[in-house]
Amino acid sequence: MADTVWWKRGTVYQVYPRSFQDSDGDGIGDLRGITRRLDYLAWLGVDAVWISPFYPSPMADFGYDVADYCGVDPLFGTLADFEALIAEAHFRRLKVILDFVPNHTSIAHPWFAESRASRTNPKRDWYIWRDPAPDGGPPNNWISNFGGPAWTRDEATGQYYYHAFLREQPDLNWRNPDVRAAMHDALRFWLDRDVDGFRVDVIWHLMKDEGFRDNPENPGFGPGQAEINRFAQVYSADRPEVFDVIAEMRAVLAPYGERVLIGEIYLPVERLVAYYGADLAGVDLPFNFQLIQTPWNARSVADLVVSYEEALPPGGWPNWVLGNHDQPRIAARVGPDQAAIAAMLLLTLRGTPTLYYGDELGLAQVSIPPERVQDPWEHNEPGHGRDPERTPMQWDDSLNAGFSTAEPWLPQTTDAAIRNVEYQRDDARSLLTLYRRLLRLRRDHTALATGTFRSLPATTDFVFAYERQDGATKLRILLNFSALQQVIVITDPEENRWSVLLSTHAARTGGGADATIILEGNEGVILIQAA
Ligand code: GLC
Ligand code: MG
């Protein structure tokens with residue numbers, strides 16, 4: 001695909017639909033709410049909105065337990081609301097990416113009701129049923145990602161079914177061709193309604209070992225880690241057969257033109273890049289979560305970026321993610337001062353960036369009182385819950401920060417009166433303004449959107465410096481990961497005409513830069529080479 005394809009040039013913005021905007025006063029966000037806020041996304045300057053699941057669901061895992069792949073849960077609205085959303089988005093040149101959840105359904109999906117009815121039901125094999133181990137226990141040692149065994153015994157037939165997540169989320173059997181066909185139909189249902197692509201939930205989980213071998217112990221497992229880490233997920237995920245499944249999904253999208261296929265994949269870089277597939281027949285963008293997992297200092301981040309760039313297959317397009325609905329908020333992890341560095345990094349690296357709603361305001365982790373906990377993971381394994389990063393968007397200083405007229409399903413930040421869109425939008429020094437300027441620069445400079453990347457030699461241990469180039473245009477990005485001033489030599493003797501295009505510190509005035517530049521603590525700058 002050419003460099004001009006939208007998902008290479010563009011920026012993706014993730015909306016968690018329960019938390020973006022409520023339109024009907026029930027304290028929970030919905031599709032009409034998202035539609036109402038599309039002008040904001042257009043103003044901000046993102047190109048695509050990925051919406052976490054809004055399908056009919058008992059909400060055991062807040063929509064990642066799907067009871068019908070071709071509908072809208074009444075909590076979120078109607079199919080007509082969705083059609084209005086997509087039309088309004090496209091009118092504003094915003095793409096819409098859906099969350100496709102193929103690994104498991106809800107226990108309430110009619111397919112599962114049939115499957116569990118009897119061992120001979122035609123849909124028995126649509127899910128993963130096994131006899132008990134000789135001692136009557138689970139068939140093997142696989143653990144649920146939310147803690148506890150990944151197998152639940154079903155009284156009706158005496159067999160166990162497999163669930164990589166909650167027992168309310170039974171895994172589909174992707175070895176069964178009828179399952180594949182039914183799921184392809186679901187993709188077409190939405191493609192026919194003009195969606196621009198899919199983010200595929202836990203795509204590396206789709207195929208499991210045919211022999212269901214026990215996973216080996218993980219020697220790195222220690223206190224504080226979630227129970228899933230007790231074993232290395234060698235046989236329960238990342239199996240070679242998954243690549244056929246992905247290639248088939250791709251083939252479903254192909255006739256529809258420039259649609260994007262994004263895979264959610266938590267694997268080390270060497271394994272992650274395999275998901276581009278042989279001859280790029282895999283996903284377009286295997287989500288790259290390395291920035292979330294790497295210690296926040298200049299050397300670690302520089303090493304990571306360089307090694308990721310080197311690991312990419314020929315033609316494989318990079319991508320970067322700083323946050324999502326499963327991970328602690330970036331502003332909380334790196335601190336408010338470094339949040340601006342994180343923004344500049346995300347939006348100046350080579351590759352498609354994905355922003356998580358509210359990160360542009362610097363939303364923090366919100367501490368959730370025990371009686372308001374929603375995430376089932378928090379109930380199973382205290383401390384691992386994801387509610388703190390799923391709190392409602394903060395729009396203005398009115399009741400509930402403009403999110404809803406009713407008490408929101410999760411509390412908002414204590415500084416909502418000033419940490420909101422209205423407060424930050426006209427403030428030249430706000431994080432929101434910085435995000436908006438960065439997004440504008442990405443649109444204005446092909447060097448940033450699709451140019452080459454080159455890491456620059458470090459002149460201090462605290463600065464990550466790199467160059468982006470397209471034709472004659474060169475940009476240099478200098479990011480100070482420390483709170484101390486850093487003196488940087490920016491030029492080669494013969495090419496010393498650099499000027500500041502943007503700084504995280506609004507006080508820095510443009511103008512020409514000399515052969516050295518003094519970065520303030522926590523400052524990042526983008527320099528452009530004058531002609
Ligand atoms: C993915 C989702 C997460 C969900 C899980 C099970 O990791 O991002 O929120 O709980 O899959 O569907
Ligand atoms: Mg609502």
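Reader: Which residue in β6 does Trp151 stand opposite?

Author: Strands here are DSSP runs of E with at least two residues, numbered from the N terminus, while helices are runs of H or I with at least four, and two strands pair if DSSP finds at least two bridges between them. β5 and strand β6 (residues 160-162) pair in the antiparallel sense over 3 bridges. Within β6, the residue opposite Trp151 is Tyr162.

Author: A word on the source: this is a predicted model, in which local features need pLDDT of at least 70 and side-chain atom pairs count only at pLDDT 80 or more, whereas totals for chains, interfaces and linings use all residues. Residues are numbered from 1 along each chain as its sequence is written, chains are lettered from A and ligands numbered from 1 in the order in which they are written, and side-chain values use heavy atoms, leaving out hydrogens and water.

Reader: In the open sheet of 8 strands, what is the bridge partner of Gly197 in β8?

Author: The order in this sheet is β9-β8-β7-β3-β2-β1-β11-β10, with parallel pairing, and β9 (285-286) and β10 (319-321) stand at the edges, each with a single partner strand, so one side of each has no neighbour in the sheet. Strand β7 (residues 197-200) pairs with strand β8 (residues 260-263) in the parallel sense over 4 bridges. In β8, the partner of Gly197 is Val260.

Reader: How many residues surround ligand 1?

Author: A residue counts as near a molecule if one of its heavy atoms lies within 4 Å of it. The closest to ligand 1 are Asp61, His104, Asp201, His325 and Asp326, and the number surrounding the ligand is 14.

Reader: How far is a polar side-chain atom of Asp61 from an oxygen atom of ligand 1?

Author: A polar contact with the ligand is a pair of N or O atoms within 3.5 Å. For His104, an N or O atom in the side chain is 2.8 Å from an oxygen atom of ligand 1, and for Arg386 the corresponding value is 2.9 Å. For Asp61, the distance is 2.6 Å.

Note on methods: A polar contact is a pair of N or O atoms within 3.5 Å; within protein, one must be able to donate a hydrogen and the other to accept it, and residues adjacent in sequence count only if both atoms are side-chain atoms.
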